[in-house]
Amino acid sequence: MQPFLSYLGKAALVMAFLVSSCQCMAEDFFLSGKVVDQQTGEGLSGVKVEILTEERLVFTDQLGEFYFDPGKQDSIEIRIHYIGYRSQYHRYKVAGELPVETVFSLERDEFNLEEITITAQTGKDISLLGELDIHLQPISSSQDILQIIPGLVIAQHAGGGKAEQIFLRGFDIDHGTDLQLTVDGMPVNMVSHAHGQGYSDLHFLIPETIEKVDFDKGSYEASKGNFATAGYAAFRTKNTLEENRLSLELGQFNTVRGLLMMNLLDNVHGQDLYIAGEMIRSDGYFEASQNFVRDNFMAKYKVNIGENTLFKAGISTFQSTWTASGQIPERAIEQGIIGRFGAIDSTEGGNTSRKNINLELFHQINTQSSLKAQLYGIDYDFSLFSNFTFFLEDSLNGDQIHQTENRQIIGGHVTYQLENRVGKVDMLTSIGLDLRQDWVNDLALNQTLNRGDIIEQFALGQVSETNLSVFLSQDILFGDKWKINAGVRQDFFQFSYLNELEENSDWQVVQRQILSPKLSISYKANDQWNFYSKWGLGYHTNDSRVVLEGEVEHILPRSNGFDLGTFWKPGKKLLMQAALWYLHLDQEFVYVGDAGIVEPSGATRRLGADMSMRYQIFSFLSANADLTFTHARSIEDDQGENFIPLAPVWTAQAGLTANSKKGLAASLNYRFLGDRAANEDYSLVAEGYNLFDLNLRYRKKAWQFTLQLENILNVNWKEAQFETTSQLAWESTPVTEIHFTPGTPFSAKMGCTFFW
């Protein structure tokens, strides 16, 4: 523990030194403004404010405020714009005519691609575009929303209750090993999880409460640490509700969903408080009822303390139970033993729960500097029954396994930001300190029979894992032409494990550090072209049990990534993005189901290209398309035996979205995943698919009606696929082939919502 305390002290001293150094550089700004939503009065963060008279760009903070120094100009021209709102243009002949505190109230408007302009910071708008899709996609859970990230694919293979499998940039991320996920700053990825390293279950998040999703690919943000190798996605929930709502949805397979969202305080003395509750029941589309149950509840409180401080507090609870038909072998269907939606072991499934408490504080120290602080606590339970190999290991009782854990997490962040201007150069300095502590109890793996008797106990232990980090990020902006970001992150880890199956065992402990530098450059060539390059070192941690058993060479496997890309806007209503990228990873992880651990493999290299397009055909009709290609290979295996199982090669997404001013909206969406290798020599193929979904919505005053149609062509597709060696009860020898979970057949869901 002494080295950890020493590191904590050093990190605090470094942060204090950097903050004091930045404060010495500070100069006072002269003017300030605040941008609010006209309907709610809520301050809007991330609004783009262009100071046209000096080709300068600033963004609003979490209070909706912005600051700038007008210098000695005779006049000031500013343009305020934010996607989904009507832009405002203001001109003041004399700088003094602009009050020190001006409030700009933005009126909501239909999506307009003209609002996106090419600057050195165009990348900030891309996440906002994805947010517009949230309201028109067929969404069953917050996990579905991940698919707004171009090239990201998810797959469910356990009846809807388990976290989905994720694919991105040539990674089979499993359940989150190489994608960092957060909700309101709280971590979603679980370290040293019973079912796999980085396991990420987003089902505790109610989709309608989501306000923003900030995302990026690669490991280029100094504020993002563990698991942010292929990318990250940061969800933010609403601070207040625009209106109360009560929804009921009914669908095939006895699917029922109820939703209540209601303001308890609506800007009462600067306070807002709302609650949201969700209930889902479904039998699922399998032959054996999935008995799926999910219940969510959250409450969020916000208060403005004076003019410069914002405090937020949130609590949420989540619980889910389900049964699953698991991954079935192709031969069982071909031989007529089971149907496509049948099961070999219909007693798979599980239950899980999560409780969160989250406290956030934002304080504007002065016109140039601000402080953000957060403290969170999480209580989490997980229990999963699986059967991957059926009767391979135990011909009498079968191979069903039970994975469990009980986890508590406490953590927090402190981030200090300073905006400074030297001549015509704007600088934004961010300094942060993060701390996360996981305690995992009853981390177990057992062989069971029909979710009942324990046949054999394979593993039982406790994990304590600590992550302390400090980061520094420096943005340098030369007008709206150039942006340079340089960052560095230092992480310290302490891994501890107690094996409770060994007599007289004691805690095993190991400590490690890792330094991760980053550099990004963006250049606006003209009003049509922006070019950018990004480089960064990142990492993902190994499972504590594997680390302390000495089975790995890399405790903190390093990633090394590079992106070279461009934004191109040839017309007011067309925006395109293209990128070439490279990523080297010191060590891959492979989840071994019957052992209940993440097994390390060798180093890998990935090369790829991403292309995206947004086109506003008419004011009411827009189109989008995303295409990705990845070449992923192991670099330690022989040619022809170096394929990375399940790594996507080609992915595509496209859609048409229409919004009528008379309340009618529609969205037709297309998803494509190409064939890919299911094993290292490509002797088995994981089949691709083409899917179409349709979503319709009509609102008349206080009433809204929705219709969601998934897989409208009723394609027989395989959602999750694995190379698996298994043996059925009547077989004398094992067989290695594709095991899969069938994807959703055609399904319809209707909904009715009342607003007040």
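Predicted model: local features only at pLDDT ≥ 70, side-chain atom pairs only at ≥ 80, totals over all residues.
Local features were taken only where pLDDT is at least 70 and side-chain atom pairs only at pLDDT 80 or more, whereas totals for chains, interfaces and linings use all residues. Residues are numbered from 1 along each chain as its sequence is written, and side-chain values use heavy atoms, with hydrogens and water left out.

**Cavity**

A cavity is here a set of points, on a 1 Å grid over the protein atoms alone, where a 1.4 Å probe fits but cannot get out, and its lining residues have an atom within 4 Å of a point. Grid points are joined across faces, edges and corners, and a volume is the space filled by probe spheres set on the points. Searching the whole structure gives eight cavities of 30 Å³ or more. The second largest cavity has a volume of about 180 Å³, and of the 18 residues that line it, Asp 184, Met 186, Thr 237, Met 298 and Ser 316 are the closest to its centre.

Strands are DSSP runs (E, at least two residues) and helices likewise (H or I, at least four), numbered from the N terminus. At least two lining residues of the second largest cavity come from each of β20 (292-305), β21 (309-324) and β23 (348-364), and β21 gives the most, with five. The lining has nine nonpolar, five polar and four charged residues, where Ala, Val, Leu, Ile, Met, Phe, Trp, Tyr, Cys and Pro count as nonpolar, Asp, Glu, Lys and Arg as charged, and the others, Gly among them, as polar.

**Salt bridges**

With a salt bridge taken as a side-chain nitrogen of Lys or Arg within 4 Å of a carboxyl oxygen of Asp or Glu, the count comes to 36.

| Pair | N to O distance |
|---|---|
| Arg 91 and Glu 77 | 3.5 Å |
| Glu 242 and Arg 108 | 2.9 Å |
| Arg 169 and Asp 610 | 3.1 Å |

Arg 169, in the loop between β9 (165-168) and β10 (171-174), and Asp 610, in strand β35 (residues 604-618), are 441 residues apart. Relative accessible area classes a residue as buried under 20%, exposed over 50% and partly exposed in between (1.4 Å probe, protein chains only); Arg 169 is buried at 8%, and Asp 610 is buried at 9%. By contrast, Glu 242 is partly exposed at 40%, and Arg 108 is partly exposed at 30%. A network of salt bridges also links Glu 208, Glu 249, Arg 257, Glu 278 and Lys 749.

Note on methods. 1 Å grid on protein atoms, 1.4 Å probe; cavity = no way out; pocket = protein on both sides within 12 Å on 5 of 7 lines; lining within 4 Å.
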